[in-house]
Amino acid sequence: MNAAAESTFVADPYAAVGEVVIDCQVNKIFYGDFLAVRDSLVPIEQHKITGFIGPSGCGKSTVLRSLNRMNDLIQVFRFEGSVMYHGQDVYGPKVDPVLVRRYIGMVFQQPNPFSMSIYDNVAFGLRLNRFKGDLDERVQKALERAALWNEVKDKLKNSGLSLSGGQQQRLCIARAIATEPDVLLMDEPCSALDPIATRQVEELMLDLKKNYTLALVTHNMQQATRVADTTAFFSVDISHGGRTGYLVEMGPTAQIFEAPREQLTKDYISGQFS
Amino acid sequence: MSDFDLTKARETARPMPQLARQGFEARALKSGLLTGLTWLAALLAAVPLISVMYLLLVKGGSRLFGADFAEVLTGLPPAGFELGGGIGPAIVGTLVMVGIASVISIPIGILAAIYLGVLEPRSRLANTSRFLAKVLTGFPSIMAGVFVYAVLVIHWGYSAWAGGIALAVLMLRTVVLAAEEAIAQVPQRMKDAAYGMGCTRTQVIWKVVLPTGLPGILTGVLLAVAGAAGESAPLLFTALFSNYFISELSEPTASLSILIYNFSGMPFPNQIELAWTASLVLVLIVLMFNILARLIGQPKV
């Protein structure tokens, strides 16, 4: 029995090095009566990729989706704590969740292009924000940044659904960055992709962090070592009958994988978790 | 000695398997018989439409595709022993009343479907409303006529309005259920994507849910229109009939189905021939909407 398995365990706070864009402090996250996540401090640093790893059900996706209030769409969801974004609490009483999501964009596990043309998919968010400038140019720029332009430039009028899975995911990334959000949340963006497409998306992420701040949930620990600058390891506490996730350890990726402080982290990354 | 004696050559150890079909085995006969029966049943299912179309083309085709087709399509219905004449008022009347019914039922139906499919799918109101729409599916169409008769016609008389409203009652259930089905089939991940882009709920519905579900919605709408165009019972109590082109929506109005009913019972060959022609026109209108619905409902690649 180690310390981290007890339900009172709280991870040492991670002292961020760079500027913190989103300072997420979870006290409790509930779905109805079910306590999904407790006591986790997750600062997201600017122009870095923060990786969230951990076993299934540990709440890493829940925490990620709390950052831009995507969980608000689930009626029984309740968040206790604060998500400070540029000095404002995302969960503040006057905050409009719709506006939060325009600054903090999202890429999902399953590629989810709209059933419209490739061009319209990318232009969607720009039109939503009544963008007045040169739409063609912005669409091209977004597709170029998403490393998709060369593959689709001759078929922009084709349906977004006609692309392959990896192309669809890059299209979704292009759609998300077309409106130039500040932060991009990625919820297992490569889990539905083959290794080649995964590689392309990972290269894209490394390129994107120059302009954006990224947070990435992944089941693939190699992926975390390849792209994440900082890694947060979550685990789930089932010893007391519940299934409550919590942060175990957060730190620079190299430290988490090479010299983890917690036994639980060590077990997980070496594949010895129960 | 075991079947798997490896010391002997295979041919001598076990008989060669017989894989060729045995033509007159009981199992093969039964299979052939059942295949034949299903084939026959499939053929029988196609018989009614094909034979009705054949009959209509033979009996009504000569007039519709003959030399005086313009008079048939635009002329007034003939009186007693009069020759010639046409079914113009009935065609216009049917289209007008179906139009009124569509204007009423399509917006209400789609808005209701949005409530049922997106806004509050599990609320008590949604469950009740969905259940009632399904009950309405088995509702005898003549009851829609009786209902509108009791509520409107008694006070304001027979009119195209009343006919249209009766048809709208019948169309509503089809539109609501088909549109809800189409809307519910829009994948949650597409809606998530839209919310993730910073869409309000209204924008998600307008820009993602409705455009994505549109083929399904239009299919439902067109099937409802086709069904309404062929209805006769509800019109009997509400629009009655007229021998003249419609000039006001508040007066009795001709319709194809009632014209068929009226003329087919007359002792004059000219009227009976026109009833056949009207039947053909009505079936062609309904068929057109059905084919249109199929074309629109096909997934686009």
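**View 1. A salt bridge within chain A joins Glu151(A) and Arg170(A).** In this predicted model, the closest N and O atoms of Glu151(A) and Arg170(A) are 2.9 Å apart, a salt bridge being a side-chain nitrogen of Lys or Arg within 4 Å of a carboxyl oxygen of Asp or Glu. The pair links distant parts of the chain, with Glu151(A) in helix 5 (residues 149-152) of chain A and Arg170(A) in helix 6 (residues 165-178) of chain A, 19 residues apart; helices are DSSP runs of H or I with at least four residues, numbered from the N terminus. Over all chains, the count by this rule comes to 15 salt bridges.

**View 2. Chain B meets chain A.** Contact (heavy atoms within 4.5 Å) involves 16 residues of chain B and 24 residues of chain A. Between them the chains bury about 1,600 Å², 68% of it on carbon and sulfur atoms, where buried area is the accessible area (1.4 Å probe) that two parts lose on being put together, summed over both. The count between chain B and chain A is one salt bridge: Arg65(A) pairs with Asp192(B), the closest N and O atoms being 3.9 Å apart.

**Notes.** Residues are numbered from 1 along each chain as its sequence is written, and chains are lettered from A in the order in which they are written. Local features need pLDDT of at least 70 and side-chain atom pairs count only at pLDDT 80 or more, whereas totals for chains, interfaces and linings use all residues, and side-chain values use heavy atoms, with hydrogens and water left out.

Note on methods: Helices (H or I, at least four residues) and strands (E, at least two) are DSSP runs, numbered from the N terminus.
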